[in-house]
Amino acid sequence: MGHMSLDPKIAARLKRNADGLVPAIAQQYDTGEVLMLAWMNDEALHRTLTTGRATYWSRSRQEFWVKGDTSGHVQHVKAVALDCDGDTILVKVDQEGAACHTGDRTCFDADQLEIALG
C-alpha cells in the first residue's frame, strides 16, 4: 500500500493540519452517539474506506492503529462523510463494546462540564 493510494478526488478535498492530519469523529451509526475523536491522514482514510475497519493515526505513537485490534472493541464502518469544508471526517460505525480506551462506552461519558443556564 503506497502513501498516495487515497482516491485523488477525495485527497484534493481534504484540508489537513500542519501534520497532514484531519480530525475524525466516530459516531454510532444507528443511535447517533458521538463515540470519540481521533486523527486520520490520507493513508488512514484510504485503509478505512477499503477495509471497512476504522483506522486512525496515533499522534503519540506515530503509527497507524486499527480500532479494536488491541482492545477487541472493533469499529465496523457503515459510512464515511466529509464536512462541507473538507476539514473533518465523520465515520459512522457499529461499535463493539467500549469506544474509549478508559473502558467507557464513549470518550464523552465521564467528564460532564457544568453549564450556567441563565
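I'm working from a predicted model, where local features need pLDDT of at least 70, side-chain atom pairs count only at pLDDT 80 or more, and totals for chains, interfaces and linings use all residues. Numbering runs from 1 along each chain as its sequence is written, and side-chain values use heavy atoms, with hydrogens and water left out.

**Ring pairs.** I searched the whole structure and got 2 aromatic pairs. My criterion: ring centres of Phe, Tyr and Trp (its six-membered ring) within 6.5 Å, with planes under 30 degrees apart stacked, over 60 edge-to-face and the rest tilted. Tyr 56 and Trp 65 make a tilted pair, 5.0 Å centre to centre with 45° between the planes. Trp 57 and Phe 64 go edge-to-face, at 4.9 Å and 75°.

**Burial.** I call a residue buried under 20% relative accessible area, exposed over 50% and partly exposed in between (1.4 Å probe, protein chains only). Tyr 56 is at 0%, so buried; Trp 65 is at 22%, so partly exposed. Trp 57 is buried at 16%, while Phe 64 is partly exposed at 25%.

**Charges over rings.** Here I need NZ of Lys or CZ of Arg within 6 Å of the ring centre and within 35 degrees of the ring normal. Arg 47 lies over the face of Phe 64, 4.0 Å from the ring centre. Lys 78 does that over Tyr 29, at 5.1 Å.

**One more check.** I also looked up Val 34, which is partly exposed at 41% relative accessibility.
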